[in-house]
Amino acid sequence: MEQYKKEFIEFMVDCGVLKFGDFTTKSGRKTPFFINAGFYRTGSQLRKLGEYYSKAIKERFGLDFDILFGPAYKGIPLSVAASMAISEFYGKEIGYCSNRKEVKDHGDKGILLGSPIKDKDRIIIIEDVTTAGTSIGETMPILKAQGDVDVIGLVVSVDRMEKGQGNKSALAEIEDTYGIKTTAIVTMEEVVEHLYNKPYNGNIVIDDTLKTAIDMYYKQYGAE
């Protein structure tokens with residue numbers, strides 16, 4: 001596993017973004033782990049988050065694209081942070097863009113904020129965690145309405161590696177449905193591999209009991 005992935009896993013623990021316990025997902029699944037990107041709250045945290053995203057983007061897609069699109073609302077700071085990191089660490093200027101939930105009819109009019117999107121633009125969508133495809137289903141028509149654009153792919157922070165609508169993972173379903181590539185900074189398999197029975201800051205984050213609960217969860221909800 002690459003060093004930046006290990007650092008990102010520990011970064012999520014430090015920020016309180018990655019939590020273990022008893023949670024219920026939006027889809028009603030009882031889960032022993034939860035990822036809440038809303039706990040990235042400071043400038044230094046967002047700066048580091050942008051750096052991790054930039055590394056995952058470069059590794060999977062390269063840097064030959066034009067726009068990093070973050071769907072409102074959580075995607076807005078992600079697109080800003082990651083585009084800044086790409087500029088800082090790789091010297092490549094990528095436009096950031098997001099959508100408004102409501103179209104503005106005065107001042108800076110329209111549904112988009114940030115860099116305008118034009119014909120032939122190559123776009124990567126950036127989100128927090130693996131979605132069930134709902135957000136992408138809303139985002140794609142917005143992007144396609146801007147012109148003849150090429151949506152290259154989707155990057156998320158964590159691939160939960162569980163079933164989406166069918167038996168495949170949500171990311172695999174998105175790839176099949178929209179014909180785009182997907183990637184994540186880390187997968188839950190990598191999270192477990194890095195934290196299981198290894199001390200971090202004086203604690204064992206994933207002990208045998210928690211590992212059993214995670215294994216049982218994936219037995220029920222794990223993707224093919």
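Colleague: Are F33 and Y217 buried or exposed?
Modeller: This is a predicted model. F33 sits in strand β2 and Y217 in helix α7, 184 residues apart. Relative accessible area under 20% is the cut-off for the label. F33 and Y217 are both buried.

Colleague: What kind of aromatic pair do F33 and Y217 form?
Modeller: The ring centres are 5.6 Å apart and the planes stand at 80°. Planes over 60 degrees apart set the class. The pair of F33 and Y217 is therefore edge-to-face.

Colleague: How are the rings of F23 and F34 arranged, stacked or edge-to-face?
Modeller: By the ring-centre rule, there are 9 aromatic pairs. For F23 and F34 the centres lie 5.5 Å apart, with the planes at 25°. Planes under 30 degrees apart decide it. So F23 and F34 are stacked.

Colleague: Which residue forms a salt bridge with R29?
Modeller: R29 lies in the loop between β1 and β2, and its partner lies 133 residues away in the loop between β7 and α5. The closest N and O atoms are 2.8 Å apart. Both residues are buried. The partner of R29 is E162.

Colleague: What is the relative accessibility of E162?
Modeller: Leaving aside neighbours within four places in sequence, E162 contacts a set of residues including R29, F33, Y217, Y218 and Y221. E162 counts as buried because its relative accessibility is 9%.

Colleague: Which residues are linked in a network of salt bridges?
Modeller: The structure holds 13 salt bridges. One of them joins R29 and E162. The network also takes in R160, and its members are R29, R160 and E162.

Colleague: How many residues apart in sequence are K5 and E190?
Modeller: Their side chains meet in a salt bridge, 3.7 Å from N to O. K5 is buried, with 6% relative accessible area. E190 is buried as well, at 18%. K5 lies in helix α1 and E190 in helix α6, so the bridge ties together parts whose separation is 185 residues.

Colleague: Which residues have the most contacts inside the largest nonpolar core?
Modeller: This core has 42 residues. A second, separate core has 19 residues, among them I67, F69, C97 and L171. In the largest core, the residues with the most contacts are F8, M12 and Y40.

Colleague: How far apart are the end C-alpha atoms of helix α3?
Modeller: Helix α3 runs over residues 75-90, and its buried residues include G75, L78, A82 and I86. Its 16 residues should span 22 Å at 1.5 Å a residue. The modelled distance agrees, at 21 Å.

Colleague: Which peptide bond is cis, with omega near 0°?
Modeller: Most peptide bonds are trans. Y73 lies in the loop between β3 and α3. The cis bond runs from A72 to Y73.

Colleague: What is the phi of K120?
Modeller: Most residues other than glycine have a negative phi. K120 lies in the loop between β5 and β6. K120 is exposed, with a relative accessible area of 60%. Its phi is positive, near 75°.

Colleague: What is the phi of M161?
Modeller: M161 lies in the loop between β7 and α5. M161 counts as partly exposed, at 25% relative accessibility. M161 is not a glycine, yet its phi is positive, about 60°.

How values were computed:
Residues numbered from 1 in each chain as written. Predicted model: local features only at pLDDT ≥ 70, side-chain atom pairs only at ≥ 80, totals over all residues. Heavy atoms only, no water. Buried < 20%, exposed > 50% of the residue type's maximum accessible area, 1.4 Å probe, protein only. Contact = heavy atoms within 4.5 Å. Helix = DSSP H or I, 4+ residues; strand = E, 2+ residues; numbered from the N terminus. Expected span 1.5 Å × (residues − 1). Core = buried A, V, L, I, M, F, W, Y, C linked by side-chain atoms within 4.5 Å. Salt bridge = Lys/Arg side-chain N within 4 Å of Asp/Glu carboxyl O. Phe/Tyr/Trp six-rings, centres within 6.5 Å; stacked < 30°, edge-to-face > 60°.
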